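Thanks for asking me to look this one over. Here are my notes, point by point, to read beside the structure.

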Amino acid sequence: MASQASILIVDDKINNLIALEDTFSHIDAAFIKATSGNGALREVLRHDFALAILDVQMPEMDGYELARLIRSRKRTSQLPIIFLSAIYSDDFHIFKGYESGAVDFIPKPFSPEILAGKIRFFIEIYFQKITLKETILELERTKKLVLEQNEQLKILATRDPLTNCWNRRSFFEEFYPLWKSSSSHETPLSAVMLDIDHFKSVNDEHGHAMGDEVLKQVSSAVLAMGRDQDIVCRYGGEEFCILL
């Protein structure tokens, strides 16, 4: 999270910008200055602002047009904008300011304490939004991790750990519904039972580690021959069942 919020202040008179920054120097924020609408748009591309304070009357691009352009961009569409105006304070211009996307319209001279309170409020909102975004991202990461863990648990619960075939319990969970469907619709359901001949002698003569390797190789061959919809189960010991 950013340690300090940035505030955009825009006025075509540099003295006004310096005075405004000096007035609120006690606020823990970085005040980024711009003397034109185009300059302000460049700063908006460079920084993530908590608030924009705009002068209304500026050459080439006035504050209303600048506010509309800021609001029209997806990245800055929610940026709070406050207008300051020494000339316009009538209802028409105030309404025009709100219509262009401002959250407040303050005539000059203004109360520094009141504006400082508004600036602090939007800084607080800014950090709350950042915290919320980080929380949402963390929840999404956690959700993804839980789904992955659930998938792993499902595999562990339904698969034989040595051969990666279905275990006997999960095999019958799949078998019974298929058997009922086959009986109801009088459709064929085929199964293959197989085992490894002389498997005990492999364990006795070469050890259980070699017996495990034989089981893995046989199951690998059976799984490779099966189709996606076939269920290959390690039925028990060296016995396998394939439901077709």
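1. A contact here means heavy atoms within 4.5 Å. Of the contacts in the protein with a separation of 6 or more, 62% are between residues 24 or more positions apart.

2. Please keep in mind that this is a predicted model, where local features need pLDDT of at least 70, side-chain atom pairs count only at pLDDT 80 or more, and totals for chains, interfaces and linings use all residues. Residues are numbered from 1 along each chain as its sequence is written, and side-chain values use heavy atoms, with hydrogens and water left out.

3. On overall shape, the radius of gyration (over C-alpha atoms) is 35 Å, whereas a compact globule of 244 residues would come out near 18 Å by the rule of 2.2 Å times the number of residues to the power 0.38. Along the principal axes, the C-alpha atoms fill a box of roughly 100 × 45 × 30 Å.

4. Buried residues (under 20% relative accessible area, 1.4 Å probe, protein chains only) make up 36% of the 244.

5. The protein has eight helices and eight strands, which are DSSP runs (H or I, at least four residues, for helices; E, at least two, for strands) numbered from the N terminus.

6. Have a look at helix 7 (residues 199-206) and helix 8 (residues 208-225): their axes, lines fitted to C-alpha atoms over the stretch in contact, come within 7 Å and cross at roughly 140°. Phe199, Val202, Asn203 and His206 of helix 7 touch His208, Met210, Gly211, Val214 and Leu215 of helix 8.

Conventions. Axes are lines fitted to C-alpha atoms, for helices over the stretch in contact, and angles run from 0 to 180 degrees between N-to-C directions. Buried means under 20% relative accessible area, exposed over 50%, partly exposed in between (1.4 Å probe, protein chains only).
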